[in-house]
Amino acid sequence: MADPMKIRAVAQADRIEVKILMAHEEESGFRKGADGALVPAHFISNVSVRLGGREVLRAQWGPAIAKNPFLQFAFRGGARGDELTVIWVDNRGDSRTDRIPVA
Amino acid sequence: MDSIRREMIRAGGLLGVLAAFGADAAETAATPALEWNHAAFEAKTVADALKVLGAVVVQDSAELQLTVPEIAEDGAAVPVVARSQLDGTRQIHLLVDRNPFSLAASFDFPEGTEAAVSTRIKMNETSDVVAVAAVGGRFYLARRSIKVTIGGCGG
Amino acid sequence: MRARHFAVWTLLVLAACAAAPGAGDSSQTEEALRASFRARGQAGLDRLQQTPLQRACSLAPGQDPPGEVRKRLEQDALERVQFPPDEHWLGDWRRGEKIAQSGVGLQFSDPPDGARGGNCYACHQLSGSEIAFGTIGPSLYRYRERAERNPDGVRRTWIRIWNAHAFNACSTMPRFGDAGILTADQIRDLMALLLDPQSPVNR
Amino acid sequence: MHRLGLAWLLLAMLGSGARADDPFASYRELFGDDNPAELAVAKGQELWAAPRGPQGVSLAACDLGLGPGVVAGAYAALPRYFADAGAVMDLESRLLHCMVTIQGFSRDELAAHAFSERGASQTDLEILVAYVASQSRGAPVDVPQSVREERESYARGRRLFYRRSGPYDFACASCHSLDHRRIRLQELPNLTGEEGARSAFTHWPAYRISQGAVRTMQWRMADCVRQQRLPELVLGSQASVDLITYLGVLARGGAMDAPSLRR
């Protein structure tokens with residue numbers, strides 16, 4: 001199972017700034033392994049961030065996102081204590097969901 | 001890579017994914033969070049990727065700011081910040097000219113979310129990085145060059 | 001010749017030991033060292049064995065070997081230089097640039113039989129267009145202009161690459177010819193990179 | 001125009017141009033403090049407390065020098081002499097010692113897979129190092145020289161630092177004894193003085209961007225030695241600990257700030 005994400009969501013008035021670190025290999029599909037063969041691509045393909053039932057960011061990613069991906073963005077409408085949910089899905093169908101309260 | 005993904009989803013990966021969405025599963029199925037634009041991500045040039053994304057007419061805009069380092073210490077992770085000040089920006093795409101596949105990421109900004117994102121991308125070699133903002137049916141572009149250097153003791 | 005060398009090395013070893021830095025008994029250090037390494041790939045434990053030159057130059061700053069020792073080290077290094085027999089000094093600067101860029105070779109992680117690089121850019125500026133250059137050694141950009149000021153410039157350049165200790169007893173530059181890191185042909189290509197007017201170093 | 005948060009403004013300003021003396025200033029500023037090593041730190045905290053190994057116990061009884069189970073500040077005072085082992089140990093030697101003597105793991109197996117391969121997950125040792133080091137953030141480096149063994153370790157380390165050998169005639173000092181020098185574009189700390197030693201010692205372990213992994217101080221030493229064209233420096237060997245002691249003693253008084261982010 002994938003490792004937990006590191007999420008920070010900090011509210012200033014009604015603006016919430018989100019920083020996320022995800023644990024993922026992000027194999028490009030172009031790297032050769034120790035045996036000389038190409039290591040198959042393995043990367044996060046979709047990301048969704050929600051505040052309660054409302055989606056505040058959605059992304060599609062290719063294999064060119066750096067290993068252990070970092071994502072930062074900000075949105076309005078929300079308050080300290082609201083629950084932020086981050087979900088990623090990768091190209092093998094593995095996924096990870098983490099939730100934190102907005103600080 | 002798309003075939004791997006298709007297989008996994010066909011093989012039941014999708015169920016696990018939906019379960020991960022918990023209480024929102026039904027809603028998730030309705031809002032297609034699992035869309036993945038194969039054709040765009042498989043395009044080998046920025047021009048081809050933009051064509052697939054529907055961005056046929058693209059104009060430069062100073063209102064779309066792309067902040068990157070001029071020189072990257074390593075191509076394995078290059079920080080990129082894209083921010084659109086164009087009202088009504090709903091999407092930003094990040095592309096790398098000289099990567100094997102040009103499109104790196106597409107971000108959707110729902111109402112209430114600032115059209116700005118900071119992330120880290122892989123770069124195969126020295127290249128231009130391109131951000132494209134979708135505003136209604138129009139597309140705006142910003143381009144920066146990043147030098148990817150050889151590091152350390154070599155070898 | 002051999003007897004003279006032996007005398008020189010004995011002198012050097014004694015000088016080095018006398019000037020050795022700080023506390024600690026050197027035989028204890030040597031013992032700990034051997035037990036701390038494992039032979040791997042092409043790098044055997046024999047690589048830990050110091051040559052007299054290495055031992056004499058293993059001193060802390062400000063504790064350089066005395067002038068007499070330095071002179072002998074330089075003289076010995078010079079005597080060991082092998083020059084190209086046909087006075088054919090310059091090879092191909094394009095190949096030279098590749099050799100200067102590559103840091104591959106002699107690490108336990110490197111293929112033992114593969115081509116080795118000189119890794120010149122790790123320490124020196126060379127071509128004007130390569131921004132990723134080190135500053136451990138002097139800039140060699142526009143090297144030809146400087147070499148031409150010395151009537152012996154070409155020969156001295158060869159000596160520096162072959163064994164830089166000929167001019168500076170305890171130089172930190174590897175002995176690319178003397179230690180067999182690069183072949184004479186590769187050194188010719190590096191000479192061309194430095195001295196050919198068409199080379200990006202001189203344009 | 002959107003109203004912008006301070007952070008965005010800062011990012012935009014910092015990214016606008018590199019300082020002349022450091023070509024990577026804007027690259028590093030844009031990276032900011034968001035260090036993927038934090039993912040390993042979080043895992044390490046759980047690993048430290050989890051019952052593991054053939055003995056099925058946690059590392060709560062592991063003494064890193066400040067008493068059993070005390071992690072806070074311990075890394076800043078290592079290497080040090082441990083009477084129970086009769087040796088000066090750095091963090092990694094001590095963690096291996098605890099994992100073997102307390103949890104019952106096989107030393108050979110741990111040592112054989114101490115550092116993660118490219119593309120593989122971080123090893124338990126790397127994860128524990130990231131966590132333990134993080135618990136010394138801000139603490140002043142206080143590597144002791146109280147007993148004879150610690151002073152001898154420093155003296156041996158210092159001698160090794162200057163010792164030239166191998167086909168390239170390299171010593172640590174070949175690259176690390178001058179101020180403001182670079183290899184390619186990477187700055188080389190001058191490890192013969194306090195300033196350089198502090199900047200190196202206080203920033204390891206580090207998340208290596210080029211490798212996408214947390215790398216430890218033992219790894220740093222071993223990889224420098226590999227590039228010196230020497231044979232493999234054995235994990236936890238006396239020479240490895242001596243070099244770390246030498247560096248740590250020179251770095252005393254610096255503030256720990258690891259795991260850091262490095263190329």
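**Close-up views of a predicted model**

**Figure 1. Interface of chain D and chain C.** In this predicted model, 36 residues from chain D and 54 residues from chain C make up the contact. The two chains bury about 4200 Å² between them, and carbon and sulfur atoms give 53% of that area. On the chain D side, Arg159(D), Arg164(D) and Arg184(D) supply 21% of the area buried against chain C, more than any other three residues. The interface of chain D and chain C holds 4 salt bridges.

Figure 2. The domain assignment divides chain C into domain 1, residues 2–79, and domain 2, residues 93–202. The contact between them involves 15 residues of domain 1 of chain C and 15 residues of domain 2 of chain C. About 1200 Å² is buried between these domains, with 62% of it on carbon and sulfur atoms. In domain 1 of chain C, the residues that lose the most area to domain 2 of chain C are Gln42(C), Glu74(C) and Ala77(C), which together account for 41% of what that side buries. Between domain 1 and domain 2 of chain C the count of salt bridges is 0.

**Figure 3. Helix 7 against helix 11 in chain D.** Helix 7 of chain D spans residues 148–162, and its axis lies 7 Å from that of helix 11 of chain D, at an angle of about 95°. Angles of 65 to 115 degrees count as roughly perpendicular, and helix 7 and helix 11 of chain D are therefore roughly perpendicular to each other. On the helix 7 side of chain D, the contact residues are Glu150(D), Ser153(D), Tyr154(D), Arg156(D), Gly157(D), Arg158(D), Leu160(D), Phe161(D) and Tyr162(D). They meet residues of helix 11 of chain D, among them Asp242(D), Tyr246(D), Val249(D) and Leu250(D). The residues of this contact between helix 7 and helix 11 of chain D comprise 10 nonpolar, 4 polar and 4 charged.

**Figure 4. Helix 10 against helix 11 in chain D.** Helix 10 (residues 217–227) and helix 11 (residues 238–250) of chain D pack with their axes 10 Å apart, at an angle of about 105°. That angle makes helix 10 of chain D roughly perpendicular to helix 11 of chain D. Helix 10 of chain D contributes Met217(D), Gln218(D) and Met221(D) to the contact, and helix 11 of chain D contributes Ser240(D), Val241(D), Leu243(D), Ile244(D) and Leu247(D). Of the residues in this contact between helix 10 and helix 11 of chain D, 6 are nonpolar, 2 are polar and none is charged. Val241(D) and Leu243(D) also belong to the contact of helix 11 with helix 7 of chain D.

**Figure 5. Two cis peptide bonds in chain D.** Leu78(D) and Pro79(D) are joined by a cis peptide bond, with omega near 5°. Pro79(D) sits in the loop between helix 3 (37–49) and strand 1 (80–82) of chain D. The peptide bond from Ala258(D) to Pro259(D) is also cis, with omega about 0°. Pro259(D) is in the loop between helix 11 and strand 8 (260–262) of chain D.

Figure 6. Chain A contains 7 strands and 0 helices, in the order β-β-β-β-β-β-β along the sequence. Its C-alpha atoms fill a box of roughly 55 × 20 × 20 Å along the principal axes. Asn68(A) is not a glycine, yet it has a positive phi of about 50°. This residue, Asn68(A), is in the loop between strand 4 (54–61) and strand 5 (70–76) of chain A.

**Figure 7. Salt bridge of Asp14(A) and Arg76(A).** The side chains of Asp14(A) and Arg76(A) form a salt bridge at 3.3 Å, N to O. The pair links distant parts of the chain, with the two residues 62 residues apart. Asp14(A) lies in the loop between strand 1 (6–12) and strand 2 (15–21) of chain A, whereas Arg76(A) is in strand 5 of chain A. Over all chains, the structure holds 45 salt bridges.

Note on methods. Residues numbered from 1 in each chain as written. Chains lettered and ligands numbered in written order. Predicted model: local features only at pLDDT ≥ 70, side-chain atom pairs only at ≥ 80, totals over all residues. Heavy atoms only, no water. Axes fitted to C-alpha atoms, helices over the stretch in contact; angles between N-to-C directions. Helix = DSSP H or I, 4+ residues; strand = E, 2+ residues; numbered from the N terminus. Parallel < 35°, antiparallel > 145°, perpendicular 65-115°, else oblique. Contact = heavy atoms within 4.5 Å. Nonpolar A, V, L, I, M, F, W, Y, C, P; charged D, E, K, R; others polar. Domains from an automatic or database assignment. Buried area = accessible area lost by both parts, 1.4 Å probe.
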